[in-house]
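Reader: I would be grateful for a close look at a single part of this model. Please describe the part in detail, together with the residues that bear on it.

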Amino acid sequence: MIMDRIALIISIIGALNWGSIGLFRFDIVAWIFGGQEMLGSRIVYTIVALAGIWCVSLLFRAREKFEALDE
């Protein structure tokens, strides 16, 4: 499903941003948009959060597929 791939890509981008914050104390999104409080940054953070929530559903769908194969 295309939505699954998009959500996964956005989640990976978010993970890379968090990695740069953890390792280098550098927030790429805030740097691009001019700060964490800027509207663009907040939109990106929200999109990443929604993508992460969507990816949680991938865990349950994968489990259901494996259980169906076992039967």
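Predicted model: local features only at pLDDT ≥ 70, side-chain atom pairs only at ≥ 80, totals over all residues.

Author: Tyr45 belongs to helix H3. Gly14 stands 31 residues from Tyr45 in sequence, and the two C-alpha atoms are 8.0 Å apart in space.

The nonpolar surface patch may be considered next. Leu23, Phe24, Phe26, Ile28, Trp31, Ile32, Phe33 and Met38 form this patch, which covers about 910 Å². Two or more of its residues come from each of helix H1 (2-24) and helix H2 (28-33). The most is given by H2, with four residues. Another member of the patch, Met38, is located in the loop between H2 and helix H3 (39-70). Met38 has 42% relative accessibility and is therefore classed as partly exposed.

Helix H1 also holds Asp4. Asp4 has a relative accessible area of 12%, and is buried because this value is under 20%. A polar contact of 2.8 Å joins the side chain of Asp4 to the side chain of Trp54. Beyond its neighbours within four places in sequence, Asp4 is in contact with Trp54, Leu58 and Arg61.

Methods: Residues numbered from 1 in each chain as written. Heavy atoms only, no water. Patch = residues over 30% accessible without salt bridge, like charges linked within 9 Å, V, L, I, M, F, W, Y side chains within 5 Å. Areas by Shrake-Rupley, 256 points an atom, 1.4 Å probe, with all protein chains shown as cover. Salt bridge = Lys/Arg side-chain N within 4 Å of Asp/Glu carboxyl O. Buried < 20%, exposed > 50% of the residue type's maximum accessible area, 1.4 Å probe, protein only. Polar contact = N/O pair within 3.5 Å; in protein donor to acceptor, adjacent residues only side chain to side chain. Contact = heavy atoms within 4.5 Å.
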